[in-house]
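Have the viewer open as you read.

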Amino acid sequence: MLFLKAKLPVYLFKINVKNKNQNVTNTLVSVFYRNRQIVKRTDASGNISLKMLVGFVYGFGLKNKVLEKVRVIEGLNVRYFNVNEGFVKASKLQEIADQKHKKAEQLKQKEDELKRQQQKAQEEAEKAKSEAEKNQPIQNNTHTENGGKPLTTVSNQPPPTSDTTRYHIYHDGKIKRENKAATGYAEFIYYEANGTAHNLGKSAFIKANKYENYKDSQGKTQYRRIEGHSYLIDYSKHNNYKNNNVGYKWVILSDDNRHYLSGISLSAVLGAMCSLGYAEYHGSGFSKKDGSPGGSVSHINGECGDFRYIGTDNSHMTQHTYTTHNHFDWDKNVAFVEALFKFGFKSFLSKPVKIKGNIMLPRTTSWPDHHNHLQRLRANVQDI
């Protein structure tokens, strides 16, 4: 059997689409050629340009529907197709439907990508959490110290594996301290509700003296050096952070350089600030570098600190904001106190607030000379 091959020429021609002898412009049509559907839009003259093999049959119509079939004829430069109003209307409706479908697909892709990112963040957070909680210690109650606060002993505590204590700070107020025996560095990690982790920095511990408060013979609170050491963090190493809507700017202005906090107290402050989104805060400090309190005897060992009150429109960052001032922002101060309470601070000293009819902020106790700052005491932590 003899097979012959004939090379067919490719022919360039136009299709013109008309409705009642008027050119149908800017309208989508479909051309069906060699098992493919080619979508074209008519130009300002109602034409579309095509290139096909001579002798081949192609179809003309709407999406997925052939209305007429013709053959490619060499020398026939323009093919005319007459359509009615229904064709034009159907083409426009199909175009609108395609656009909606395309937008829906794009939206779905964005949603799928967001879900993938959230899932990845959750997996990373769970990974960090599982690493932190590996070899979870067993906590046994022993006895209580003065004031009825329970003391605990921890068994099965793994030995330190590095020189860094890590503070895992969760959005719901939990703080978990990993590798508490390390005294080289402190690292702070905050976890959002969706699992996103924010590393708030790592800095060196500062070895300081250890102090205690006591009452003198006149019943006045004093402080004195006791055996042992405290380990403090310079707040300036962690005084700003911003990632999307999570973060803070924190300024301490202190005449006696009370810029130092315990790791537990710093964890609670950072957690409270991060849990409220992004905002700016102003305070007068915690303890001095050697762990002593400066001018206020309660500020020992980096455990107790002062914050200035928050003013409306961030005014507290540029001017004094007292409980007696009209620019005192009640809602934001309440939110900050509640956040600090959630993260473990349980004692707050303040003064009545003028704009609220001289009532106290929630969870606060009225105390002399606290019209210009809020004082809070001792956060809590769980060792892991």
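## Charges over rings

A charge sits over a ring if NZ of Lys or CZ of Arg is within 6 Å of the ring centre and within 35 degrees of the ring normal. Lys346 does this over the face of Phe341, at 3.7 Å from the ring centre. In the case of Lys242, the charged end sits over the ring of Tyr278, 5.3 Å from its centre.

This is a predicted model, in which local features need pLDDT of at least 70 and side-chain atom pairs count only at pLDDT 80 or more, while totals for chains, interfaces and linings use all residues. Residues are numbered from 1 along each chain as its sequence is written, and side-chain values use heavy atoms, with hydrogens and water left out.

## Aromatic pairs

How many aromatic pairs does the structure hold? There are 14 aromatic pairs, counted when rings of Phe, Tyr and Trp (its six-membered ring) have centres within 6.5 Å; planes under 30 degrees apart are stacked, over 60 edge-to-face and the rest tilted. Tyr211 and Tyr223 make an edge-to-face pair, with 5.7 Å centre to centre and 70° between the planes.

The rings of Tyr309 and Phe328 are tilted, because their planes stand at 50°, with centres 5.4 Å apart. Tyr309 and Phe328 are both buried (under 20% relative accessible area; exposed is over 50%, partly exposed in between; 1.4 Å probe, protein chains only). Elsewhere, ring pairs join Tyr235, Trp250, Tyr281, Phe307 and Phe336 into a cluster.

## Cysteines

The structure holds 0 disulfides (pairs of cysteine sulfur atoms within 2.5 Å). Cys274 counts as buried at 3% relative accessibility, and Cys304 is buried with a relative accessible area of 1%.
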